[in-house]
Amino acid sequence: MSTTAQSRPHTARRDLAGSPFLAAARGRRPARLPVWFMRQAGRSLPEYRALREGVPMLKACFDPEMIAEITLQPVRRLGVDAAVFYSDIVVPLVAAGIDVDIVPGTGPVVAEPVRDAAAIRRLPALDPARLEPVLDGARLLVERLGQTPLIGFAGAPFTLASYLIEGGPSRTFERTKALMRSEPEVWHDLAGRLADIAVTFLRGQIEAGADAVQLFDSWAGALTLREYREFVLPHSARVLGAVADLDVPRIHFGVGTGELLTAMREAGADVVGVDWRVPLDEAVRRLTAHGEPAPVVQGNLDPALLQASWPVIEAEVRRIAAEGRAAAGHIFNLGHGVPPGTDPDVLARVVELVHSLEG
Ligand SMILES: Cc1c2[nH]c(c1CCC(=O)O)Cc1[nH]c(c(CCC(=O)O)c1C)Cc1[nH]c(c(CCC(=O)O)c1C)Cc1[nH]c(c(C)c1CCC(=O)O)C2
């Protein structure tokens, strides 16, 4: 059988029936509470800094061995219940040929910001073959991960669009909101193209063996609920809907999205990510306010508190686990990514504590 990019057979999905992470993601209560950390692979780990020495982030993201090794590092060191694919939300944009760089200490920077209909029309589509080195990393991982599930991910259309329009990270998203509100058809064209890219990236990862996916709409919390429903939800719903047939749990997360939780679930989330601002029992109350079934939730530990004294962290972990009992399933996580200055021993201790608690 040929193994060219187009005809490569799908990796057979591993049987991970015993995975507490997947059980919780499916709305069950495993014997022990599962935990992983957003950005668990990264600068908080000395072995990551050593491996990345002199290698630009985006070079590492197209190197299958680097992808696999960096993804495995936190699994080995911390004993987390899931691996999260080492990549970045801009990787599929780079694969499509868009000039984006990841600048250390800043984030993604776009050479030619995309701010009008003509620039949007010039955006290249993503040829799935260009993702092959990235997906080779995922295939290596499924061979090496044993019984640990792999979480794939993509950036949601709004968050990706914000980088393309602003040209880099933004606090206020002024240009993004101005385009969205002033030229809705242009906005919908851009968001639709980014949805296509996210679908290709997610389907590729799942077909390569990812056992769950997370759609990051990290900056959607900058929007009002009305804006979210009109300009964002339809596109994110199309992304999540386009992987429904592959039957892996879909996690949907953003920062500051307390007002958007119900709408983000409606977009097609099986698991709703919650930052640190809304306690999990309150998130569940909001998500069931109109008679909806109890949700599965993920998150809630304030990443800043990883710098606090251990008694503070321990009390927070126990509180979050207790409040998470209001949900159908709870996956312990931070309310956003691991800060680069975090002591990995603190993360390992959190994992140990979470594992002593009931799922
Ligand atoms: C908004 C966003 C980005 N990238 C991502 C998001 C969504 C998640 C979130 O909200 O944090 C997604 C992402 N980026 C990275 C991962 C790896 C998997 C994991 O969670 O462990 C994931 C899931 C690696 C990375 N992506 C990046 C790093 C750090 C840079 C490095 O290691 O050289 C890592 C480990 C770079 C990046 N990429 C981005 C930012 C804001 C930065 C930080 C810039 C900096 O502080 O230097 C864009």
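Ala41 is in contact with Tyr48, Ile70, Thr71, Gln73, Pro74, Val84 and Tyr86, leaving aside neighbours within four places in sequence. Two residues are in contact if their C-beta atoms, placed from the backbone, lie within 7 Å. This is a predicted model, in which local features need pLDDT of at least 70 and side-chain atom pairs count only at pLDDT 80 or more, while totals for chains, interfaces and linings use all residues. Residues are numbered from 1 along each chain as its sequence is written.

Gln40 is in contact with Pro74, Leu78, Val80, Val84 and Val338, with the neighbours within four places in sequence again left aside. Gln40 lies in the loop between α1 (20–25) and α2 (46–52), and Ala41 is found in the loop between α1 and α2. Helices are DSSP runs of H or I with at least four residues, numbered from the N terminus.

| Residue | C-beta neighbours inside 10 Å | Class |
|---|---|---|
| Gln40 | 29 | buried |
| Ala41 | 23 | buried |

A residue is buried if 20 or more other C-beta atoms lie within 10 Å of its own, with C-beta atoms placed from the backbone.

UniProt, in an unreviewed entry, places the feature "binding site" at Arg39, Gln40, Ala41, Gly42, Arg43, Asp88, Tyr163, Ser218 and His336. These positions spread over 298 residues of sequence and, in space, up to 22.7 Å between C-alpha atoms. Such annotations may be inferred rather than shown by experiment.

Of the 23 residues around the ligand, Ala41, Gly42, Gly107, Phe216 and Ser218 come nearest. A residue counts as near a molecule if its C-beta atom, placed from the backbone, lies within 6 Å of it.

Notes:
Helix = DSSP H or I, 4+ residues; strand = E, 2+ residues; numbered from the N terminus. Buried ≥ 20, exposed ≤ 12 C-beta atoms within 10 Å, placed from the backbone.
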